Structure formats: structure tokens, C-alpha cells
Amino acid sequence: MTNMADALFEEASSADEGHARRFAARVRPLALFFNAFFAILFALLHVWPLVLAWCGALGFHLWVAWQVNTPGGDIRRVLQWSWVLIFIQSMLAVLMLGPAADFQNYLLATLPAGFQSLQRPMLQKLLQASVIVGFFLACDIWLDTDIGLYPQPAWVLQAFAHVNAVGTCAMLAGLAHAQALTVQEAQDSLSRAATTDVLTGLLNRRAISNFAASEAARCLRKGEKLSFVICDVDHFKRVNDTWGHAAGDKVLKRVAAVLKSVLRGYDGIARWGGEEFLIVLPDVAPATAAAIADRVRQTVLGTRIEYEDRLIEVSMTFGVTGREGDEPWQTSVARADEALYRGKQGGRNRVELA
Ligand SMILES: Nc1nc2c(ncn2[C@@H]2O[C@H](COP(=O)(O)OP(=O)(O)OP(=O)(O)O)[C@@H](O)[C@H]2O)c(=O)[nH]1
């Protein structure tokens, strides 16, 4: 039980890590562009501490871009440092140019990111928000009096204020968009995980049940045939016992690959359980389904599966049936299962049509 919980946690955190990586990769162009843009502007104005800080930030973002493509490393921690950097940069710019240039706006733009993590304690979030809002309000109060260590003409400060208004909006919009894409990806991968068999990549039992139910309704409406094939690897226990469980897993993956290659894209193919597969063939008559099953049988029989320095050969037995009238699809599957059983009894490596 503990192992399972550990495995689930590991899977969840590696998924989080993947999302964090994609998120970091998405916002990187924006970060590189803004930092390079401001570094040039500050150099033109001879505000050298800011040139240094922005060049340092550029280096940091280039390093992050490299980290994103490097396996390992805690990208989530790197992302946290990105926010700290924006925080420091904003404060430094206010100190050098004064609050009239509106660099404090970027502090407010970090607020959504600060509150995003569900792991961070609320107290920490509120503390961070208080510092940001406090600093922002202080800037607003001293707007007219504080001119910064590198005083600039009014038109330069005005221009900065305009650029920063656009920059803050772009930053918020870019982050919201990157976040929306990341959430969408998370949803997609969750729904894939809920419908896919982890080992073979085929549909799982729940997904094929939904597919069978909707195809049963559709075929009935359209007056089309619907066939079911249940197939099972022969003497699979022997494969496990002789070569080990990992070899058995490899055999299942190769069988799944054969099923995918022989069948059509709109057929439903699932791992029904253990070494058993269920195939749902819309718009296919039982006799044709039996011929298709036999093609799969021959392909599996002709497949040599390499495992370490050995070649494993397996055969499969198939039970085939067509849906009769408007019977529930489960009844058809049960009939295909009985046909499979007869095929096993009859000597295996065959197709039995019910
Ligand atoms: N490697 C591996 N083995 C599995 C998996 N799921 C089920 N099995 C094994 O599949 C074997 C099924 O054995 P049996 O039901 O006796 O069937 P069989 O040996 O294939 O014999 P017949 O079906 O009668 O030809 C068992 O040993 C299970 O442990 C899996 O995901 N991976």
C-alpha cells in the first residue's frame, strides 16, 4: 500500500515537474525579450547598476532556458527564483529611477504567481502580498517627491511609465495564457491516464466499455453491424515463469503494437484484463471480423519478440461474435468470451466464431 502511494506521489510530482518545465519554457521568450530590451534602454541612459542587474537577469533566464531542456534539476525551485528576481529588479529600478517610472507595477504582476501554489502556506502568501502591496503603496505616496539615485527628465520617466504599463499587461496576459495551456495539458494527460492502459497504451476497460456502449447505440441507429473479438495470449503464464515478468510485459506490449498495426484507426482496442484483449469492430460483420482476427493471429505468430538475448514466440486464441439484434453489448462480449474458451479447449492458436 505504501509502495503504491509512493508510486502515485512520484507519478504526480513528475507530472507537476513536466508542467513546470513547459510553463518555464513558454514564458522564457517573454522574459528574455523584456530583459534585453530594458538592458539596452538603461545602457542608453547610463544607469549602469540597472544595466548590470538586467544583464545578470538575462544570464539567469538563459540558464533557465538551458535547465528546461536538461533532465533532472528542480525546475520548480528555479521558477520560484524567477519571481524573486523580478521582485529585486522592480525594487532596484524604483530605487535608481524613482517611482514615477512605474517599475513597481511588476511587483503587483507577481501576485497571481505567488498565490498559485496550493502547497505554500496561506500565511506565507499573505506576508508576501503585504510586502508587495506595502511597497507599491509607498511608491504611490512618494511618487512626486522621490526622484531616485539616477534622476531622469520627466519625458523619460513618462515614457518608462507607458512602456511599463504595456509590459505589465503583457506579462499578466502571457502568464495567464501559459497557465491556461498548462492547465489544459494537465487535463488532457489526466483524461488520457483515466482511459489508457499504462503498460500497453491501449484503451483500458472503462474506456472500451464507453466505446462499446456508444458504438452499440450508433450502429443500431444506422443499421450497421457490430462485431466483438476477445483474444488471449496462449500459455502466457509459461512466458512469465520461463523468462520472467518483465519479458511477459514486453510480450503484452508487442501484442498491443500488432493489434494497433493490423486494425483500423476507428476500431476500439483495449486491454480487457491480464493477457486478454477486447476489440470492438464497428460496421464489420462477424465473418469479416473472424478474417480480421485470423490476420492478427498470423501476424502475432510470425512476430519474434527479442528479450535480452532470446527470441520469444507466442500464439493467440480468438473468440469472435456479432451483436445480435439490440442485445446489450455485454451479452455479445460474454458470447465472444465463450467462443474464446472453446478455442482454448480446442487446442489454442485459432479463431472461434460464435
Ligand atoms: N507479465 C505480466 N503478466 C501478467 C500480467 N497480467 C496478468 N499476467 C499473468 O498472465 C498469466 C495468465 O495465466 P493463465 O490465466 O493461467 O493463462 P495462460 O497461461 O495464458 O493459459 P491459457 O490462457 O489457457 O493459454 C498469469 O500468470 C498472470 O500472472 C501483466 O500485466 N504482466
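This section describes the helices, packing and selected loop residues of one predicted protein model.

The model is predicted, so local features need pLDDT of at least 70 and side-chain atom pairs count only at pLDDT 80 or more, while totals for chains, interfaces and linings use all residues. Residues are numbered from 1 along each chain as its sequence is written.

The protein chain holds 12 helices and 7 strands. Both are DSSP runs numbered from the N terminus: helices are H or I over at least four residues, strands are E over at least two. Of the 354 residues, 30% count as buried. A residue is buried if 20 or more other C-beta atoms lie within 10 Å of its own, exposed if 12 or fewer, and partly exposed in between, with C-beta atoms placed from the backbone. Contacts were also sorted by sequence separation. Two residues are in contact if their C-beta atoms, placed from the backbone, lie within 7 Å. Among contacts between residues at least 6 apart in sequence, 69% join residues at least 24 apart.

The UniProt record, an unreviewed entry, places the feature "transmembrane region" at residues 30-63, 83-101, 122-143 and 155-176. UniProt positions follow the numbering used here, feature names are shortened, and annotations may be inferred rather than shown by experiment. Residues 30-63 are 91% helix and 0% strand. The end C-alpha atoms of this span are 15 Å apart. Residues 83-101 are 79% helix and 0% strand. Here the end C-alpha atoms lie 20 Å apart.

The loop between helix 1 (2-44) and helix 2 (48-68) contains H46. Phi of H46 is near 60 degrees, a positive value in a residue other than glycine. H46 has 9 other C-beta atoms within 10 Å and is therefore exposed.

Helix 2 packs against helix 3 (residues 75-97) at an angle of about 170 degrees, with the axes 11 Å apart. Axes are lines fitted to C-alpha atoms, for helices over the stretch in contact, and angles run from 0 to 180 degrees between N-to-C directions. Helix 2 and helix 3 are therefore roughly antiparallel to each other. Angles under 35 degrees count as roughly parallel, over 145 as roughly antiparallel, 65 to 115 as roughly perpendicular, and the rest as oblique. The crossing of helix 2 and helix 3 is left-handed. A crossing is left-handed if the near helix is turned anticlockwise from the far one by less than a right angle, and right-handed if clockwise. Helix 2 contributes P49, L50, A53, A57, F60, V64, Q67 and V68; helix 3 contributes I75, V78, S82, L85, Q89, L92, A93 and M96. By class, this contact of helix 2 with helix 3 has 13 nonpolar, 3 polar and no charged residues. Ala, Val, Leu, Ile, Met, Phe, Trp, Tyr, Cys and Pro count as nonpolar, Asp, Glu, Lys and Arg as charged, and the others, Gly among them, as polar.

T196 lies in the loop between helix 7 (154-195) and helix 8 (205-222). T196 counts as partly exposed because 17 C-beta neighbours fall inside 10 Å. Leaving aside neighbours within four places in sequence, T196 is in contact with G201, L203 and N204. T196 and A207 are 11 residues apart in sequence, and their C-alpha atoms are 7.4 Å apart.

The contact is made by F236, V239, N240 and W243 of helix 9 and by H245, A247, G248 and V251 of helix 10. Its classes are 5 nonpolar, 3 polar and no charged residues.

The crossing is right-handed. V255, V258, L259 and V262 of helix 10 meet R295, V296, T299 and V300 of helix 11. This contact has 6 nonpolar, 1 polar and 1 charged residues.

E308 sits in the loop between strand 4 (305-307) and strand 5 (310-312). With 10 other C-beta atoms within 10 Å, E308 is exposed. The C-alpha atoms of E308 and A247 are separated by 8.8 Å, although the two residues are 61 apart along the chain.

R348 occupies the loop between helix 12 (329-345) and strand 7 (351-353). Phi of R348 is positive, near 70 degrees, in a residue other than glycine. R348 is partly exposed, with 14 other C-beta atoms within 10 Å.
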